Amino acid sequence: MSKIIFIAHDGSRREVPGTDGESLMEAAIGNRVPGIDADCGGSCACATCHVTILEPWQSKLTPMGKDERAMLEAVSDPDPTSRLACQIRFSAALDGIEVRTPASQH
Amino acid sequence: MSAVAAAAVAPVVSRDSVDAVPLADIDVSHPDLWVNDSHWPLFARLRREDPVHYCANSLFGPYWSVTKFKDIMNVETHPEIYSSAFSHGGITIFDTNKVASLPMFIAMDPPIHDEKRKVVQPIVAPDNLARMEALIRSRTAAALDQLPVGETFDWVERVSINLTTQMLTTLFDFPFEDRDKLPFWSDLATTIPGPGGIVETEEERMRLLGECAQYFARLWNERVNAAPGNDLLSMMAHDPRTRSMTPEEFLGNLMLLIVGGNDTTRNSMTGGVIALHEHPAEYAKLCADPSIIGTSMISEIIRWQTPLAHMRRTAVADTVLGGKQIKAGDKVIMWYVSGNRDPEAIDQPDRFLADRPRARQHLSFGFGVHRCVGNRLAELQLKILWEELLARWPRPGQIEVMGAPRRVPSPFVKGYESLPVRINR
């Protein structure tokens with residue numbers, strides 16, 4: 001089974017199933033992973049599904065669009081590996097991806 | 001206002017007559033609809049029959065109404081088509097309000113907006129909020145401990161204005177003894193001038209706000225010459241992106257931060273009391289499990305109240321929205337108050353549900369690059385208020401609304417001037 005690993009701010013790990021075509025945000029919400037709010041429901045309009053992506057996964061992602069970049073300007077603790085989980089679609093290439101959630105979503 | 005009022009269509013206020021009115025005559029912006037709280041059936045009809053609606057004749061000129069959640073989201077996420085720029089008219093329906101047409105970062109488009117917003121953002125960063133929490137709680141406790149129990153008082157004055165004004169003094173490091181000036185300036189910025197109002201003319205408004213600008217200029221000069229502090233004025237005074245603002249932009253940003261940091265939370269503090277009073281089963285639910293305050297009820301209060309009824313954009317290109325042709329230059333009003341009651345986006349939208357699932361999916365903070373910068377601070381203030389209220393008065397209905405609120409006559413600030421409340425022993 002494909003999987004996504006969410007690592008909370010306190011270091012605790014949660015493994016959830018990955019489904020082709022579903023966003024990492026949807027996987028988190030569907031499996032009640034804490035630390036992802038997703039206030040806008042996946043419209044790339046709120047930055048409350050802010051995550052950071054560990055290597056080697058970071059370099060396997062499709063580059064972010066300008067809307068995602070603009071929303072990430074508003075997060076309180078930006079990082080070079082910051083992404084919005086709603087903009088990352090799961091696929092077999094991302095099986096086992098490790099994703100960190102921040103202390104809080106803004 | 002009186003001069004234009006004569007030219008405008010009389011507002012539709014009767015619930016029975018709503019369906020008989022020709023669609024083209026529906027104008028949801030008229031202040032009478034807001035002071036009487038009678039706009040709801042009009043928005044319900046627009047959502048059903050004409051979700052993107054053109055009104056050719058209003059007190060505020062012609063405008064489009066966007067009434068459904070998904071269409072509002074569409075406008076919010078396309079700032080390159082729907083501009084917030086003050087040079088196009090800014091972010092409110094009012095074209096003649098000189099405050100609304102001042103340069104301020106909310107009334108700018110990317111990329112300038114994004115740069116300037118970043119200057120003030122650290123004040124609401126998680127570590128700063130954590131630092132402010134104890135102060136907010138002690139002030140809230142002190143304000144509540146002074147309330148008279150067993151007699152009717154004005155909730156707006158004693159609780160909502162009192163607490164949000166104290167918050168502003170912290171955000172600006174403003175002299176505490178002069179704090180009553182702040183809610184006055186806030187009301188002054190958003191009022192519609194007219195007979196019997198706070199001011200009668202636009203000129204009077206701007207003259208009084210000149211005093212506000214002068215007062216703050218003195219504080220600015222002190223801060224710019226002092227070591228950087230972590231209040232909003234010091235942050236702007238020491239940042240290259242804001243330190244050489246024109247006087248107009250200085251006043252514009254002050255107004256934005258005073259209104260944004262004050263009016264909205266103030267009216268949600270009052271709205272929560274009304275919502276619970278009108279939904280006694282929800283009040284009982286809250287008392288049985290106060291943990292829902294932070295998980296859902298505060299977001300639900302902010303949705304149910306929608307303290308800013310709208311935000312405005314101006315189309316800068318021809319486009320299509322909800323099947324309607326929008327022309328470059330058209331004024332487009334996103335009615336958050338309507339999108340927040342859209343049954344296609346929100347289950348049982350007219351009900352206040354203290355434990356609503358996914359309560360944070362509401363429009364009150366806006367979405368996209370202009371999403372409210374102070375949202376987490378507002379939620380924190382409201383959460384602390386309700387925790388401290390419940391700690392003192394834990395029984396359902398113990399905080400009782402004794403009469404109708406007096407509402408603000410504005411299609412922008414959806415709020416209350418007064419609310420008689422009694423706390424029962």
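## Burial and overall form

Buried residues account for 49% of the 425 residues in chain B of this predicted model. A residue is buried if 20 or more other C-beta atoms lie within 10 Å of its own, exposed if 12 or fewer, and partly exposed in between, with C-beta atoms placed from the backbone. The model is predicted: local features need pLDDT of at least 70, side-chain atom pairs count only at pLDDT 80 or more, and totals for chains, interfaces and linings use all residues. Residues are numbered from 1 along each chain as its sequence is written, while chains are lettered from A and ligands numbered from 1 in the order in which they are written.

Chain B has 16 helices and twelve strands. These are DSSP runs numbered from the N terminus: helices are H or I with at least four residues, strands E with at least two. The radius of gyration of chain B is 21 Å, close to the 22 Å of the globule rule for 425 residues, so chain B is as compact as a globular protein of that length. The radius is taken over C-alpha atoms, and the rule is 2.2 Å times the number of residues to the power 0.38. The C-alpha trace of chain B spans about 55 × 55 × 40 Å along its principal axes.

## Where chain B touches chain A

The contact takes 15 residues from chain B and 16 residues from chain A. Two residues are in contact if their C-beta atoms, placed from the backbone, lie within 7 Å. On the chain B side, α4 (69-76) and α5 (112-120) each supply at least two residues.

## A three-stranded sheet

Three strands of chain B form an open antiparallel sheet in the order β4-β12-β9. Strands pair if DSSP finds at least two bridges between them. In chain B, β4 (152-154) and β9 (399-401) stand at the edges with a single partner strand each, so one side of each has no neighbour in the sheet.

Three bridges join β4(B) to β12 (residues 420-423) of chain B. Thr152(B) stands opposite Arg422(B) in β12(B).

## The nonpolar core

The largest nonpolar core has 139 residues. Such a core is a set of buried Ala, Val, Leu, Ile, Met, Phe, Trp, Tyr and Cys residues joined through C-beta atoms within 7 Å. Leu24(A), Ala85(A), Val66(B) and Met255(B) have the most contacts inside this core. Helix α7 (residues 155-172) of chain B gives the most to this core, with nine residues.

Leaving aside neighbours within four places in sequence, Met255(B) is in contact with Val99(B), Leu102(B), Met104(B) and Ala189(B).
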